[in-house]
Amino acid sequence: MTQSAPARPRRRWIVVTASVVGGLVVLGVVAEFALRGVIDDRLETTAASLPAGVTMTRDSTPALWQVATGQAAVRLDVSSEALTETARSAADLPGLQVASGADGLVAQVPLSLAGQEQTVDVLLSVTAEDGKAMLRADTVQFAGLSLPVATVAEQLGNDQLDRLVDGVAYPEEENGVVISSAQTTGDGLELGAEVPMWG
């Protein structure tokens, strides 16, 4: 009759393994909580340098990973008012107004047409390029017509419209925020971005 191996050493091994794994999980949770505080402090400093009308939210990427890579992943929500201020200053069009429309962002621009001041809708496209969100004028809509902005700018001899065709970078100032994605929302823009953790 054969005897089975004693189960006690196996149980001890299971208890030791479970204790080690449990300890590592607790350490990971504590480290994650502490590092979120470090990230939030860094983001608070960066948020203070952003233009008015921009809110910053840390995304759900684990804090341990963000600290290890040196980049905090965030979402920026940019209001149409904030975009209006940037586009006005970049294009030197004080009457320009950016709003959200059914087809995305629309810049309402007062122009002199046939000797009269008229407001036209300029559809804007947005892309993430070289760490910035780039707003570009795409199409002018007026009196039921859709025309390329470059054509209208050339016909009117309007350098300000040409600046919108070339593109307006957002944000204009260097503040350490690197834009990686951009999309329009009902209120303005939603930008995916990274903020360097150190420096």
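**Exercise 1. In which helix is T84 found, and is T84 buried or exposed?**

Before the solution, a word on the model. It is predicted, so local features need pLDDT of at least 70 and side-chain atom pairs count only at pLDDT 80 or more, while totals for chains, interfaces and linings use all residues. Residues are numbered from 1 along each chain as its sequence is written, and side-chain values use heavy atoms, with hydrogens and water left out.

Step 1. Find the element: T84 sits in helix α3, residues 80–91. Helices (H or I, at least four residues) and strands (E, at least two) are DSSP runs, numbered from the N terminus.

Step 2. Check the cover. T84 has a relative accessible area of 2%, so it is buried. Buried means under 20% relative accessible area, exposed over 50%, and partly exposed in between (1.4 Å probe, protein chains only).

Step 3. Look for partners. Not counting residues up to four places away in sequence, T84 touches L96, Q97 and V98; contact means heavy atoms within 4.5 Å.

**Exercise 2. Which strands pair with β2?**

Step 1. Start with β1, residues 54–58: five bridges join β1 to β2, and the two run antiparallel. Two strands pair if DSSP finds at least two bridges between them.

Step 2. Turn to β10, residues 188–196, which pairs with β2 in the antiparallel sense over nine bridges. In this pairing, L76 stands opposite L191 of β10.

**Exercise 3. What does G70 contact, leaving aside its neighbours within four places in sequence?**

Step 1. Locate G70 in the loop between α2 (63–69) and β2.

Step 2. List the contacts: V195, P196, M197 and W198.

Step 3. Consider distance along the chain. G70 and M197 are 127 residues apart along the chain, yet their C-alpha atoms are separated by 5.0 Å. G70 has a relative accessible area of 13%, so it counts as buried.

Step 4. Now visit S79, which lies in strand β2, residues 71–79. S79 is buried because its relative accessibility is 17%. Beyond its neighbours within four places in sequence, S79 is in contact with G53, D187 and G188.

**Exercise 4. Where does D130 lie, and is D130 buried or exposed?**

Step 1. D130 lies in the loop between β5 (116–129) and β6 (132–142).

Step 2. Its relative accessibility is 81%, so D130 counts as exposed.

Step 3. Note the backbone: phi of D130 is near 50°, a positive value in a residue other than glycine.

**Exercise 5. Which residues line the largest cavity?**

Step 1. Set the rule. On a 1 Å grid over the protein atoms alone, a cavity is a set of points where a 1.4 Å probe fits but cannot get out, and lining residues have an atom within 4 Å of a point. Grid points are joined across faces, edges and corners, and a volume is the space filled by probe spheres set on the points.

Step 2. Count and size: there is one cavity of 30 Å³ or more, and the largest holds about 30 Å³ of space.

Step 3. Name the lining: A87, V98, A107, L124, L135, L164 and V168.

Step 4. Sort the lining into seven nonpolar, no polar and no charged residues. Here Ala, Val, Leu, Ile, Met, Phe, Trp, Tyr, Cys and Pro count as nonpolar, Asp, Glu, Lys and Arg as charged, and the others, Gly among them, as polar.

Methods
On a 1 Å grid over the protein atoms alone, a cavity is a set of points where a 1.4 Å probe fits but cannot get out, and a pocket is an open set with protein on both sides within 12 Å along at least five of seven lines; lining residues have an atom within 4 Å of a point.
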